[in-house]
Amino acid sequence: MTHGTHGENAVGIGELAARTGLPVKTIRYYSDIGLLPESGRSRGGHRRYAPDALPRLQLIQRLRALDTPIAAIAKVMTGEHSLAELVTRELDTVQAHMRELTWRQEMLRTLDDCPEPERLRRLALLAEVGKPDEAHDRLVRYWHWALPTSLPHRLTQAVIEGAVPVPPATPTSTTALAYAELHALTSGEDRRRQPQSHQIGDVASFYSGILDACTLAAEALASGCPARRAEALDHFVRTYARISGHDDTPAFRAHLRTRFRHAAHPGSFPLRYWRHALAVTCETPPQSTATGQGHLAASLATLHQQVAGHPLGPERSRDQGQGGRPR
């Protein structure tokens with residue numbers, strides 16, 4: 001005879017242990033934390049369970065075999081989440097964890113097999129980055145700070161989406177280090193604001209023109225069309241001419257070329273930013289004309305090359321040719 005049970009259909013803890021192969025103390029633990037509620041006790045004080053305890057325990061056992069956290073299993077047992085929802089959530093968690101491990105692996109690789117002074121420099125950079133998504137958020141905050149406050153919201157968002165590369169899902173040591181370089185550049189004391197209204201007047205017209213030129217340049221990169229490449233350059237130059245109060249003439253183009261070349265010194269903030277952004281995106285030309293995160297780097301690189309006459313490519317590795325790997 002049992003107390004508070006389902007009579008002869010009740011199952012004892014020993015039988016559950018025998019049917020599942022789990023230790024009695026494990027089943028007792030699951031009961032104590034509410035995953036496997038008792039249906040009552042025998043006169044001798046032994047735990048008794050309802051007939052559905054075996055399939056419930058088997059489900060718990062199988063989920064734990066996949067290292068599913070107890071807290072996640074509890075939500076399935078209480079009906080808060082379905083099994084399908086648990087699988088989706090756990091898969092997302094595992095994928096995020098794998099991504100973080102991949103980034104850590106590549107960050108460590110950047111420190112491997114390079115000269116000691118460069119290793120210490122890189123270590124200082126990488127130590128400040130943290131998780132890739134956090135570094136991405138800080139890059140977004142930099143651009144919110146750097147852009148004119150009077151710039152319309154839609155243009156602000158478009159510039160940020162185009163200027164901030166998404167951390168690659170499958171990074172290499174090169175892209176991981178380049179992301180760290182971007183983070184250091186935009187969080188340093190010498191970080192620069194982007195062109196402001198007192199410099200360019202109509203900020204909406206200027207940034208809209210630059211974005212349109214970059215869209216055309218992206219199309220030219222994707223298609224290899226010379227006509228579209230020339231159209232992108234014309235639109236880019238006219239944008240600078242308009243804010244300067246000039247016409248697009250050969251003389252103005254010569255002036256703009258000189259201006260771009262002078263601005264391309266090694267310490268130039270814009271030059272360093274876009275070079276690192278190109279390294280993060282692996283210099284892959286955009287596959288569509290749609291605005292996408294990081295799409296401005298390749299477009300601006302080709303426009304800069306057309307105007308200035310020399311490429312805006314990633315910097316040569318500091319340790320290349322010194323016994324280390326290329327970054």
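Predicted model: local features only at pLDDT ≥ 70, side-chain atom pairs only at ≥ 80, totals over all residues.

Residues are numbered from 1 along each chain as its sequence is written. Local features need pLDDT of at least 70 and side-chain atom pairs 80 or more, while totals for chains, interfaces and linings use all residues.

**α8 with α11**
- The two helices α8 and α11 pack at an angle of about 40°, with axes 10 Å apart, and α8 passes α11 in a left-handed crossing.
- Leu155, Ala158 and Val159 of α8 meet Ala204, Tyr207, Ser208 and Leu211 of α11, where contact means heavy atoms within 4.5 Å.
- This contact of α8 with α11 has six nonpolar, one polar and no charged residues.

**α11 with α15**
- Helix α11 (residues 203-223) packs against helix α15 (residues 296-308) at about 90°, with the axes 8 Å apart, and the two are therefore roughly perpendicular.
- Among the residues making this contact are Ile210, Leu211 and Cys214 of α11 and Leu296, Ser299 and Thr302 of α15.
- The contact of α11 with α15 comprises eleven nonpolar, two polar and no charged residues.

**The largest pocket**
- The lining of the largest pocket has 31 residues, of which Gln194, Pro195, Tyr240, Pro270 and Trp274 lie nearest its centre, and lining residues have an atom within 4 Å of a point of the pocket on a 1 Å grid.
- By class, the lining of the largest pocket divides into 23 nonpolar, five polar and three charged residues.

Note on methods. Heavy atoms only, no water. Axes fitted to C-alpha atoms, helices over the stretch in contact; angles between N-to-C directions. Helix = DSSP H or I, 4+ residues; strand = E, 2+ residues; numbered from the N terminus. Parallel < 35°, antiparallel > 145°, perpendicular 65-115°, else oblique. Nonpolar A, V, L, I, M, F, W, Y, C, P; charged D, E, K, R; others polar. 1 Å grid on protein atoms, 1.4 Å probe; cavity = no way out; pocket = protein on both sides within 12 Å on 5 of 7 lines; lining within 4 Å. Left-handed = near helix turned anticlockwise from the far one by under 90°.
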